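Open the model in your viewer and keep the selection tool at hand. The stops below say what to select next and what is there.

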Amino acid sequence: MSPKHILAYGDERIPYEVKFDPSRKTRIAIHVEPDGSVIVDAPSDQPDEMIQKAVHKRSRWIMDHVAEARDRFSHVRPKAYVSGEEVLYLGRRYMLKVVQDDAATGTARLRGNRLEISTKFTDAGKVRGIVRAWYRLRARDYFAKLIDKQSAALPWIAQAPPFRMLEMTRQWGSCSPQGQVILNPHLIKAPRACIEYVIIHELAHLKHHDHSPEFFDLVGRHAPGWEKPKKLLDGMVEVLVND
Ligand SMILES: [Zn+2]
């Protein structure tokens with residue numbers, strides 16, 4: 001990872017991040033992530049001025065995609081954590097129900113199509129805390145089971161790797177060089193197929209620590225049709241990380 005670079009375009013200043021990839025031989029590739037952040041993949045010996053030139057050459061394209069992503073984000077309203085509001089869990093919509101109870105310790109549970117919160121204090125901050133804790137608990141349990149299940153079925157994994165959770169705004173997961181899987185707890189709101197795809201992706205990194213053709217070959221063999229859940233997930237990112 002490198003310090004932030006800035007693309008100046010009219011009055012706009014767009015920061016972008018350069019990721020040097022030793023396996024990349026020639027071309028520079030520019031991506032605009034669903035949240036509007038700009039990533040430039042470059043061969044590791046690429047001089048800075050070549051990168052700047054490549055980014056500048058595509059500035060119109062970058063600006064269009066950044067504007068599009070910002071526009072999508074602007075339609076997502078902040079949550080109020082009141083009864084009637086919609087919450088997502090494993091890709092399904094539930095209705096939040098906040099029940100005031102002087103004896104309650106602050107609990108959440110699913111009942112039919114509702115997520116019911118019992119709490120003494122019903123202010124948004126308190127309810128948000130209870131909902132977040134509930135998501136985390138569910139995520140830990142669900143992810144652990146899925147990692148165990150998938151690890152058992154993947155020939156290059158002898159033992160399910162350790163994992164931890166980390167809230168991230170533009171990443172669903174990662175895999176450390178030491179083989180620890182990191183997953184974004186917001187992922188528990190996504191459909192099951194999306195969660196399965198992210199976990200397979202991270203488990204495949206235990207064999208290939210890069211995004212080489214061999215890596216995608218492996219993912220494709222063990223998760224055929226993975227492009228579909230990935231696309232679905234990318235399209236939902238601003239809704240899923242909104243809390
Ligand atoms: Zn990856």
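**Stop 1: the zinc ion**

Select the zinc ion: His201 (NE2), His205 (NE2) and His211 (NE2) coordinate it at 2.0 to 2.1 Å. Donors here are N, O and S atoms within 2.8 Å of the metal (3.2 Å for Na, K and Ca), and as water is not among the atoms, sites may look incomplete. Along the chain, the donors follow the spacing H-x3-H-x5-H. His201 sits in helix H4 (residues 192-204), and His211, 10 residues apart from it, in the loop between H4 and helix H5 (213-222). Helices (H or I, at least four residues) and strands (E, at least two) are DSSP runs, numbered from the N terminus.

Is His211 buried or exposed? His211 is exposed, with a relative accessible area of 51%, whereas His201 counts as buried at 10%. Buried means under 20% relative accessible area, exposed over 50%, and partly exposed in between (1.4 Å probe, protein chains only).

A note on the source: this is a predicted model, in which local features need pLDDT of at least 70 and side-chain atom pairs count only at pLDDT 80 or more, while totals for chains, interfaces and linings use all residues. Residues are numbered from 1 along each chain as its sequence is written, and side-chain values use heavy atoms, with hydrogens and water left out.

**Stop 2: a sheet of strands**

Next, select strands E9, E11 and E10, which form an open sheet in that order, with mixed pairing. Its edge strands are E9 (163-165) and E10 (173-175), each pairing on one side only. Two strands pair if DSSP finds at least two bridges between them. E10 and E11 (residues 181-183) run antiparallel and are joined by 3 bridges. Ser174 stands opposite Ile182 in E11.

Contact means heavy atoms within 4.5 Å.

**Stop 3: helix H1**

Select helix H1 (residues 48-57). Which residues of H1 are buried? They are Ile51, Ala54 and Val55. Seen down the axis of H1, these buried residues fall within an arc of 95°, so they line one face of the helix. The arc is that of the directions from the helix axis to the C-beta atoms. Turn to the face away from the buried side to find the exposed residues Glu49, Lys53 and Lys57. The buried residues of H1 pack against several elements, including strand E1 (5-9) and helix H2 (59-74).
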